[in-house]
Amino acid sequence: MTRYLVALALVSLAAGGAAVAADEAVSGTFAAPPDRLWTVAQAVLRHLGWEIEKADRDIGWITTKSRKVEGEDYGVYAKGTRHGLRVMIKDAGAGKTRVTIERSLFKRERILFIDNDEPLTTTDRSVEQAVLAAIGTAL
């Protein structure tokens, strides 16, 4: 019985660590100026099929429109899971630039053009890592 309780405690601690990791963003530092990274990041996002919703060069943020992960979308009615990206580009000094990518995952239900979005959590960072790797390759 004691071993069972210890194992349960360890699993609880591991799950708690995963929940903290889910809030972390994926970042990388590149040996290029911010202006170059800004241009490359936008081109990579478009190439990967992400539509840019907002881009503010002064702040260094690019936000994409959300894309369907799974589900149905019939215009006035939609139900499923979607995700979107926020890319932050900051000068890291010495000719380097830090790029941070955050992905928001949410469940959407739309009835008659009214969206009801419910945030979801995930520990999967493969989308963010793929975009960051594509930016590095495009440099």
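**Figure 1. Leu132 in helix H3.** Leu132 is found in helix H3; helices (H or I, at least four residues) and strands (E, at least two) are DSSP runs, numbered from the N terminus. This is a predicted model, in which local features need pLDDT of at least 70 and side-chain atom pairs count only at pLDDT 80 or more, while totals for chains, interfaces and linings use all residues. Residues are numbered from 1 along each chain as its sequence is written, and side-chain values use heavy atoms, with hydrogens and water left out. Leu132 counts as buried at 10% relative accessibility (buried means under 20% relative accessible area, exposed over 50%, partly exposed in between, with a 1.4 Å probe and protein chains only). Setting aside neighbours within four places in sequence, Leu132 is in contact with Val26, Ser27, Gly28, Phe30, Val99 and Ile101, where contact means heavy atoms within 4.5 Å.

**Figure 2. Helix H3 and what covers it.** Helix H3 takes in residues 126–138, and its end C-alpha atoms are 18 Å apart, which agrees with the 18 Å that its 13 residues should span at 1.5 Å a residue (the expected span is 1.5 Å times one less than the number of residues). Its buried residues are Glu128, Val131, Leu132 and Ile135. They cover an arc of only 95 degrees around the axis, which puts them on the same side of H3; the arc is that of the directions from the helix axis to the C-beta atoms. The cover over these residues includes strand E1 (26–30), helix H2 (34–47), strand E5 (77–93) and strand E6 (96–111).

**Figure 3. Two arginines of strand E6.** Arg103 lies in strand E6 and counts as buried at 15% relative accessibility. Its side chain is joined to that of His83 by a polar contact of 3.1 Å, and the Arg103 side chain also reaches the backbone oxygen of Asp124 at 3.2 Å. A polar contact is a pair of N or O atoms within 3.5 Å; within protein, one must be able to donate a hydrogen and the other to accept it, and residues adjacent in sequence count only if both atoms are side-chain atoms. Arg108 is also found in strand E6 and is buried, with a relative accessible area of 13%. The side chains of Arg108 and Asp117 make a polar contact at 2.8 Å.

**Figure 4. Ile62 in strand E3.** Ile62 has its place in strand E3 (residues 61–64), and at 0% relative accessibility it counts as buried. From C-alpha to C-alpha, Ile62 and Met88 are 6.5 Å apart in space and 26 residues apart in sequence. Not counting residues up to four places away in sequence, Ile62 touches several residues, including Trp38, Ala41, Leu45, Ile52, Leu85 and Ile89.

**Figure 5. Arginines over tryptophan rings.** The charged end of Arg67 sits over the ring of Trp50, 3.9 Å from its centre. In a second example, Arg86 lies over the face of Trp61, at 4.5 Å from the ring centre. A charge sits over a ring if NZ of Lys or CZ of Arg is within 6 Å of the ring centre and within 35 degrees of the ring normal.
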